[in-house]
Amino acid sequence: MNQHLQSVLHPAGWDAAVISQFAWVLFGAGALILAAVMALLFLSLRRRERPARALLWIGGGGIAFPVVVLTALLGWSTWRSAQLAPQTSRDALTISVTAKMWWWEVRYHDPATGRDIVTANEIHIPTGRAVYLGLNSADVIHSLWVPALAGKRDMVPGRVTGLNLRADKPGIYRGQCAEFCGAQHAKMALHVVAHLPQDFDAWLARQAQPALAADNTILERGRSAFLEQRCQACHTIRGVAEGARLGPDLTHVGSRMHIGAGVLRTHRENLSGWIADPQASKPGVFMPGSPDLDRATLDALATYLEHLK
Ligand code: CUA
């Protein structure tokens with residue numbers, strides 16, 4: 001799938017296009033004015049005598065010009081801001097996102113069963129449809145920002161905020177926590193994955209399924225290791241061990257692009273390295289390491305998790 005730049009200047013949604021226009025107009029106006037002021041400064045330094053009508057220059061350049069320019073920019077930006085999409089959950093697909101130190105829990109409501117479908121660090125959405133993200137935080141203030149799609153919105157403990165997203169084209173849009181939230185703020189990435197509507201429906205139906213069965217000896221060994229190591233104290237695997245919400249839901253962890261909120265690609269070696277010593281990739285992360293786990297068990301556990309597509 002097409003991977004888009006994490007950039008305000010490469011918008012791929014309605015709000016992002018408005019915001020990117022702000023950036024260009026403000027930068028352009030600022031650059032023009034800076035160039036004009038520098039040119040005037042250069043001219044004034046070259047001449048010795050006091051210019052004629054100095055008061056007119058001061059009054060015109062120092063008062064009238066900024067008043068006119070700033071009023072015009074204020075009027076234009078107020079008019080343009082009013083064209084940003086209304087922040088409402090009405091007629092939108094609602095997804096709730098909870099920020100945690102330092103990852104994102106993503107919940108969908110399954111209309112078929114009434115249950116929640118939980119995933120992490122990836123927000124899958126259909127294209128061409130308004131999506132409303134209900135945002136909150138489990139610990140400190142975070143901020144969700146996917147610059148190619150929309151503005152940023154703070155996520156405040158004890159309060160639900162909201163952000164509307166809309167992607168015009170399928171693709172992967174990288175985002176980032178935009179509010180300093182502790183040691184691993186920088187490694188708190190997320191990806192919005194926009195699918196054509198029918199592909200989105202298929203994705204959601206797959207995610208609604210319980211975890212794939214462990215149907216061979218290695219997978220069975222990995223599944224047992226998960227339980228013996230008490231991974232279920234923090235992680236849920238639907239159909240195996242449920243209820244824990246401290247760490248990401250792993251029911252379909254193998255289907256996700258990354259582990260550790262954008263830190264490592266999801267494949268077997270990265271999974272076993274992460275389980276043995278997560279601090280090596282993300283110092284300060286709350287997941288404890290398993291330095292004493294033997295190689296074969298670690299490999300089986302990683303194979304089992306990778307298999308959970
Ligand atoms: Cu979460 Cu910065």
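Me: What should I know about the model before we start?
Reply: This is a predicted model, in which local features need pLDDT of at least 70, side-chain atom pairs count only at pLDDT 80 or more, and totals for chains, interfaces and linings use all residues. Residues are numbered from 1 along each chain as its sequence is written, and side-chain values use heavy atoms, with hydrogens and water left out.

Me: How many helices and strands does the protein have, and what makes a stretch count as one?
Reply: There are seven helices and 13 strands. Helices (H or I, at least four residues) and strands (E, at least two) are DSSP runs, numbered from the N terminus.

Me: How do you know how the protein sets against a compact globule?
Reply: A compact globule of 309 residues would have a radius of gyration near 19 Å, whereas the protein has 25 Å. The radius is taken over C-alpha atoms, and the globule rule is 2.2 Å times the number of residues to the power 0.38. Along its principal axes, the C-alpha trace spans about 90 × 45 × 35 Å.

Me: Which domains is the protein divided into, and how far apart are their centres?
Reply: Domain 1 covers 14-81 and domain 2 covers 217-307; these bounds come from an automatic or database domain assignment. Taken over C-alpha atoms, their centres are separated by 56 Å.

Me: Why is Leu 133 called buried?
Reply: Buried means under 20% relative accessible area, exposed over 50%, and partly exposed in between (1.4 Å probe, protein chains only). Leu 133 has 0% relative accessibility, so it counts as buried. Across the protein, 42% of the 309 residues count as buried.

Me: What surrounds Leu 133?
Reply: Leu 133 lies in strand E6 (residues 131-137). Contact means heavy atoms within 4.5 Å. Not counting residues up to four places away in sequence, Leu 133 touches Ile 95, Val 97, Ile 123, Leu 144, Thr 161, Gly 162, Leu 163 and Leu 165. Val 97 is 36 residues away along the chain, with 6.5 Å between the two C-alpha atoms.

Me: How do you know what share of the contacts joins residues 24 or more positions apart?
Reply: Among contacts in the protein with a separation of 6 or more, residues 24 or more positions apart account for 63%.

Me: Why is Ala 120 called buried?
Reply: Ala 120 has 1% relative accessibility, so it falls in the buried class. Its place is in strand E4 (residues 116-120). Leaving aside neighbours within four places in sequence, Ala 120 is in contact with Trp 103, Trp 104, Val 106, Pro 248 and Arg 256.

Me: Why does Ala 92 count as buried?
Reply: The relative accessible area of Ala 92 is 13%, and therefore this residue is buried. Ala 92 lies in the loop between H2 and E2. Its contacts, not counting residues up to four places away in sequence, are Arg 129, Ala 130, Val 131, Tyr 132 and Asn 164.

Me: Why is Asp 91 called exposed?
Reply: Asp 91 has 70% relative accessibility, so the word exposed applies. Asp 91 lies in the loop between helix H2 (54-81) and E2.

Me: What makes the phi of Asp 91 worth a look?
Reply: Asp 91 has a positive phi of about 60 degrees although it is not a glycine. Most residues other than glycine have a negative phi, and most peptide bonds are trans. Arg 230 also has a positive phi, near 60 degrees, and is a residue other than glycine.

Me: Why is Arg 230 called exposed?
Reply: At 55% relative accessibility, Arg 230 counts as exposed. Look for Arg 230 in the loop between helix H4 (217-228) and strand E12 (258-259).

Me: Why is His 267 called partly exposed?
Reply: His 267 has 29% relative accessibility, so it counts as partly exposed. Its place is in the loop between strand E13 (264-265) and helix H5 (268-276).
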